[in-house]
Each structure stands twice: as structure tokens, then as C-alpha cells.
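Have the structure open and follow along.

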Amino acid sequence: MFESSAWMLLPFFGLCALTATTGAVFRPGPWYEVIPKPRWTPPDWLFPPAWSLLYCALAVSAWLLWRDGGWSGAALPLALWLLQLVLNAAWSWLFFGLRRPDLALIDAVAMWLAALALIIVAFPINAWAAWLLVPYLAWVGFATALNRVIWQRMRAGMVAE
């Protein structure tokens with residue numbers, strides 16, 4: 001069964017790669033550099049490898065759900081998977097493209113909720129698929145907290161010295 005279904009990994013990786021392009025298109029600019037970030041902000045070099053691993057886990061998770069549940073048996077988790085990808089792609093556009101951390105924060109909360117719901121509905125179909133999503137949920141939660149602090153500092157008019 002694995003050999004005949006492994007080709008389906010490609011579309012899931014492709015959708016993750018497409019989502020990742022928004023992070024490459026909408027990047028931090030000078031306006032972002034002047035915002036004093038909290039000490040717990042990860043270094044810039046960490047984001048590409050972290051997101052690469054998370055996108056790989058997302059793709060494999062979706063594939064496991066499809067493999068074990070099929071399109072009809074895994075319809076809800078796959079729909080939630082797609083929803084969180086759309087929200088993920090929208091975040092970079094909202095935060096960096098539009099420079100609207102307030103809207104990006106709403107998006108981030110929705111993304112976290114979609115990821116949590118995805119984990120919950122994935123467990124009965126494939127526990128490994130659900131567990132693969134836990135680091136993503138943690139990272140999105142962390143990113144949401146960081147987004148909130150940055151939004152608060154921007155709202156307060158704080159800039160770097």
C-alpha cells in the first residue's frame with residue numbers, strides 16, 4: 001500500500017511549498033527592524049529551517065490522514081489542514097505585506113485554533129499524523145504571542161533606539 005500511495009506526498013508537499021512562498025514574498029522590511037522585539041524573539045536565521053521542518057511535518061501528516069482515511073474518511077481533517085495553510089499564507093501578507101500586526105494577530109489566533117482542531121480530529125484516523133502537528137501548534141502559539149507583543153509595541157509607538 002505504501003508504494004502505491006507514496007506519490008500522493010507530492011501534492012501535499014507542493015501545497016506546503018506554495019504556502020511557504022508567502023514568507024519569501026512578504027519579508028520584514030526597515031519598518032519591522034525599528035520595532036523593539038522582546039528578548040525571546042528567535043534569531044532571524046532560525047525561521048527558515050524551523051518552518052522547513054514544520055512544513056515537512058504538515059505534508060507528511062496530511063498524507064498519513066489521506067492514506068488511512070481517504071478523501072471521504074479524512075474530509076474534515078484535510079479541510080482543516082487546508083484552512084490552516086490558507087491562514088498561514090495570509091499571515092505573512094497581513095503582517096509584512098500590509099504591515100498590519102493587528103489583523104495578523106487575529107489570523108494567528110485563527111490558525112492556532114484550526115491547528116488544534118486538526119490535531120483533535122486527526123487522532124482517531126492516525127495518531128502519528130496528529131503528533132506530527134504538535135510542534136506546529138507550539139510554534140504557531142509562540143509566534144502568536146510574539147505577534148501580540150510586537151502589535152502592542154507598535155500601537156504604543158515604540159521604536160528601537
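What follows covers salt bridges, then cysteines.

A word on the ground rules: this is a predicted model, so local features need pLDDT of at least 70 and side-chain atom pairs count only at pLDDT 80 or more, while totals for chains, interfaces and linings use all residues. Residues are numbered from 1 along each chain as its sequence is written, and side-chain values use heavy atoms, with hydrogens and water left out.

**Salt bridges**

How many salt bridges turn up in a search of the whole structure? The search finds two, a salt bridge being a side-chain nitrogen of Lys or Arg within 4 Å of a carboxyl oxygen of Asp or Glu.

| Salt bridge | N to O distance |
|---|---|
| Arg-67 with Asp-68 | 2.9 Å |
| Arg-100 with Asp-102 | 2.6 Å |

Now for accessibility: buried means under 20% relative accessible area, exposed over 50%, and partly exposed in between (1.4 Å probe, protein chains only).

**Cysteines**

If you're wondering about disulfides (a pair of cysteine sulfur atoms within 2.5 Å), the count is zero. For Cys-16, the nearest cysteine sulfur belongs to Cys-56 and sits 8.0 Å away, so Cys-16 is in no disulfide. Cys-56 is in no disulfide either, with the sulfur of Cys-16 as its nearest. Are these two cysteines buried or exposed, or partly exposed? Cys-16 is buried at 1% relative accessible area, whereas Cys-56 is partly exposed at 37%.
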